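Here is a brief report on one structure.

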Amino acid sequence: MRYAVDVTVTSGASAEVLFRHLAVAGAWSVWSGLPARAVRERAGVGIGDGVGSVRRMGPAREETVVYDPPRHFAYRMLAGLPVDDYRADVTFEPREDGGTTVRWRARFAPRVPGTGPLMRVVLTRVLSRFARNLAAHAEDCRAGCPAHSS
């Protein structure tokens with residue numbers, strides 16, 4: 001059985017700024033709240049943090065599967081979570097007030113039977129925190145932020 005998580009937040013930042021913070025591997029260390037530093041292990045095709053790039057954050061490894069600035073970024077988990085077939089899609093929808101609606105959707109299959117509902121709760125909390133942190137940081141980001149580039 002597959003499970004889904006769907007989180008939505010709004011930000012006063014533009015879709016371009018939000019996308020850049022999400023897509024650039026090194027920027028995760030600034031806003032995510034994760035204790036591990038995020039690094040790009042492998043460059044993507046055509047652009048460093050684009051499709052095919054792999055980033056590592058502690059034991060977690062993710063591969064970029066959609067890179068469509070500033071509207072859509074998606075990744076799949078290669079390692080680091082006790083789930084299978086994890087994929088997350090993050091979309092950025094500009095708002096009339098100049099801000100952006102961020103929607104972070106993920107789907108997965110539990111690796112251990114019976115753990116799906118618990119993993120859905122855990123991942124909802126984690127992705128909610130990521131989305132809130134991303135939105136808040138991007139609103140306060142100064143020129144040149146994120147410092148890491150693709």
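## The largest pocket

Helix α3 gives the most to the lining of the largest pocket, with five residues. Helices (H or I, at least four residues) and strands (E, at least two) are DSSP runs, numbered from the N terminus. The elements that give two or more residues to this lining are β4, β5 and α3 (116–140). In total, 19 residues line the largest pocket. Among them, L34, A60, L81, V126 and F130 lie nearest its centre.

The lining divides into 15 nonpolar, two polar and two charged residues. The volume of the largest pocket is about 340 Å³. A pocket here is an open set of points on a 1 Å grid over the protein atoms alone, where a 1.4 Å probe fits, with protein on both sides within 12 Å along at least five of seven lines; lining residues have an atom within 4 Å of a point. The volume is the space filled by probe spheres set on the points.

## Model and numbering

This is a predicted model: local features need pLDDT of at least 70, side-chain atom pairs count only at pLDDT 80 or more, and totals for chains, interfaces and linings use all residues. Residues are numbered from 1 along each chain as its sequence is written, and side-chain values use heavy atoms, with hydrogens and water left out.

## Backbone geometry

Most residues other than glycine have a negative phi, and most peptide bonds are trans. P69 and P70 are joined by a cis peptide bond, with omega about -5°. P70 sits in the loop between β4 (60–68) and β5 (72–79).

D85 is not a glycine, yet its phi is positive, about 55°. D85 belongs to strand β6 (residues 83–94). D85 is exposed, at 57% relative accessible area (exposed means over 50%, with a 1.4 Å probe and protein chains only).

Methods
Buried < 20%, exposed > 50% of the residue type's maximum accessible area, 1.4 Å probe, protein only. Nonpolar A, V, L, I, M, F, W, Y, C, P; charged D, E, K, R; others polar.
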